[in-house]
Amino acid sequence: MKLTLLKSFLIASFFILISCQDKKQPPYKAGVVISFDDAYVDEWYAADKVLKKYDWKATFCVCRIDSIGKSQIQKLHQLQNEGHEIAGHGYHHYNAVKFVAKNGIDEYIKQEIDPMMVSMKKNGFNVSSFAYPYGERSAALDTALAPKFKVIRGRDFEDKKPEKEGCYFRNSKYLYAFDIDNSHIHFSIPYLLELLDDAKKQNKILILCSHRPVKNITGNYQTKIETLEFLCKYMKLNNLKFYKLSDLDNLEAKRLIRII
């Protein structure tokens, strides 16, 4: 009986020690995920040429894969060969929540997810991350898509103090990104700087999304190349790490191993 109690005490002490170590030693380095949605492949490729000098890495979430040309497929392969990630963003780019409300989850998977995965694989892209079109999601959708993807990303539509924002990695496969397009109602360089400073000071991973990188803004869903350069320069100057969406799955696995 005494031996059993001693054993239980030692096991409990071990887990308390591990828990304390985890609090003192963050399991990962502070950094940023830069992700892009839709199919602006030519613009992504052009942005890569400008930002390559920062040794940046990004995740490109592609929709309508069968509607883009051979030239764009080749550019996606070049981006992938340089260490960037090619992720999924839907076959037709349906709003998942609205589609499911009318047709159900099974039909959504049949029309939007399964054909996307088949075409991605056919074109040489092994997709493990998914970003919801329009950023809208639900718990039921997350549950249905969980077996198909290692990481699932939505968008954060709120405007809060950095420490209360949802656009940081929280040791989960379900993520939210802050939109840095110029047309986004909450975007500004000062607020982006607040988010970056918070990630640096609190050892967090900030998750961002964009759509079409351009030199000059001419419409919605566009991010200035100047903004991306500001972001990359900040990261280099402050020793923040470039993460891809798929990298976060590896961090979650490592965290679970540490706990066990």
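Modeller: Start with one definition. A residue is buried under 20% relative accessible area, exposed over 50%, and partly exposed in between. The model here is predicted.

Biologist: Is Lys-52 buried, exposed or partly exposed?

Modeller: Lys-52 has 42% relative accessibility, so Lys-52 counts as partly exposed.

Biologist: Which side chain does Lys-52 meet at 3.8 Å, N to O?

Modeller: The general idea comes first. Side chains of opposite charge can pair when their charged atoms come close. In this structure, Lys-52 and Asp-48 form a salt bridge, at 3.8 Å from N to O.

Biologist: Is Asp-48 buried or exposed?

Modeller: Asp-48 is buried, at a relative accessible area of 2%.

Biologist: Which residue meets Lys-52 at 3.2 Å, N to O?

Modeller: That residue is Glu-82, again in a salt bridge. The pair links distant parts of the chain, 30 residues apart. Glu-82 lies in the loop between helix H3 (70-81) and strand S3 (85-88). Lys-52 lies in the loop between helix H2 (41-51) and strand S2 (59-62). Glu-82 is partly exposed, with 31% relative accessible area.

Biologist: Which residues make up the network of salt bridges?

Modeller: Asp-48, Lys-52 and Glu-82 are linked in it. Lys-52 bridges to Asp-48 and also to Glu-82.

Biologist: How many salt bridges does a search of the whole structure find?

Modeller: The search finds eleven. One more is worth a look. Asp-198 pairs with Lys-204, and their closest N and O atoms are 2.8 Å apart.

Biologist: Are Asp-198 and Lys-204 buried or exposed?

Modeller: Asp-198 is buried, at 11% relative accessible area. Lys-204 also counts as buried, at 19%. The cut-off for buried is under 20%.

Biologist: Now the helices. What describes two packed helices?

Modeller: They are described by the angle between their axes and the distance between the axes. Take helix H4 (residues 96-103) and helix H5 (residues 105-122). They pack at about 125°, with axes 7 Å apart. H4 and H5 are therefore oblique to each other. H4 passes H5 in a right-handed crossing.

Biologist: Which residues make that contact?

Modeller: H4 brings Ala-96, Phe-99, Val-100 and Asn-103. H5 brings Ile-105, Glu-107, Tyr-108 and Gln-111. The contact divides into five nonpolar, two polar and one charged.

Biologist: What about Lys-98: buried or exposed?

Modeller: Lys-98 sits in helix H4. At 54% relative accessibility, Lys-98 counts as exposed.

Biologist: At what angle do H2 and helix H8 (residues 225-237) pack?

Modeller: About 40°, with their axes 11 Å apart. That makes H2 oblique to H8. The crossing is right-handed. Ala-47, Val-50 and Leu-51 of H2 make the contact with Ile-225, Leu-228, Glu-229 and Cys-232 of H8. These residues divide into six nonpolar, no polar and one charged.

Biologist: Why do residues three or four places apart in a helix point the same way?

Modeller: An α-helix has 3.6 residues a turn, so residues at that spacing point the same way. Keep that idea in mind for H2. Its buried residues include Trp-44, Ala-47, Asp-48 and Leu-51. Val-41, Glu-43 and Tyr-45 of H2 are buried too.

Biologist: What covers the buried residues of H2?

Modeller: The cover includes strand S1 (31-38), S2, H3, strand S8 (212-214) and H8.

Biologist: How do the axes of helix H7 (residues 189-202) and H8 cross?

Modeller: They cross at roughly 25°, and the axes come within 11 Å. That makes H7 roughly parallel to H8. The cut-off for roughly parallel is under 35 degrees. H7 passes H8 in a right-handed crossing.

Biologist: Which residues meet there?

Modeller: From H7 come Ile-189, Leu-192, Leu-193, Leu-196, Asp-197 and Lys-200. From H8 come Thr-227, Phe-230, Leu-231 and Tyr-234. The contact divides into seven nonpolar, one polar and two charged.

Conventions. Residues are numbered from 1 along each chain as its sequence is written. This is a predicted model: local features need pLDDT of at least 70, side-chain atom pairs count only at pLDDT 80 or more; totals for chains, interfaces and linings use all residues. Side-chain values use heavy atoms; hydrogens and water are left out. A salt bridge is a side-chain nitrogen of Lys or Arg within 4 Å of a carboxyl oxygen of Asp or Glu. Buried means under 20% relative accessible area, exposed over 50%, partly exposed in between (1.4 Å probe, protein chains only). Helices (H or I, at least four residues) and strands (E, at least two) are DSSP runs, numbered from the N terminus. Axes are lines fitted to C-alpha atoms, for helices over the stretch in contact, and angles run from 0 to 180 degrees between N-to-C directions. Angles under 35 degrees count as roughly parallel, over 145 as roughly antiparallel, 65 to 115 as roughly perpendicular and the rest as oblique. A crossing is left-handed if the near helix is turned anticlockwise from the far one by less than a right angle, and right-handed if clockwise. Contact means heavy atoms within 4.5 Å. Ala, Val, Leu, Ile, Met, Phe, Trp, Tyr, Cys and Pro count as nonpolar, Asp, Glu, Lys and Arg as charged, and the others, Gly among them, as polar.
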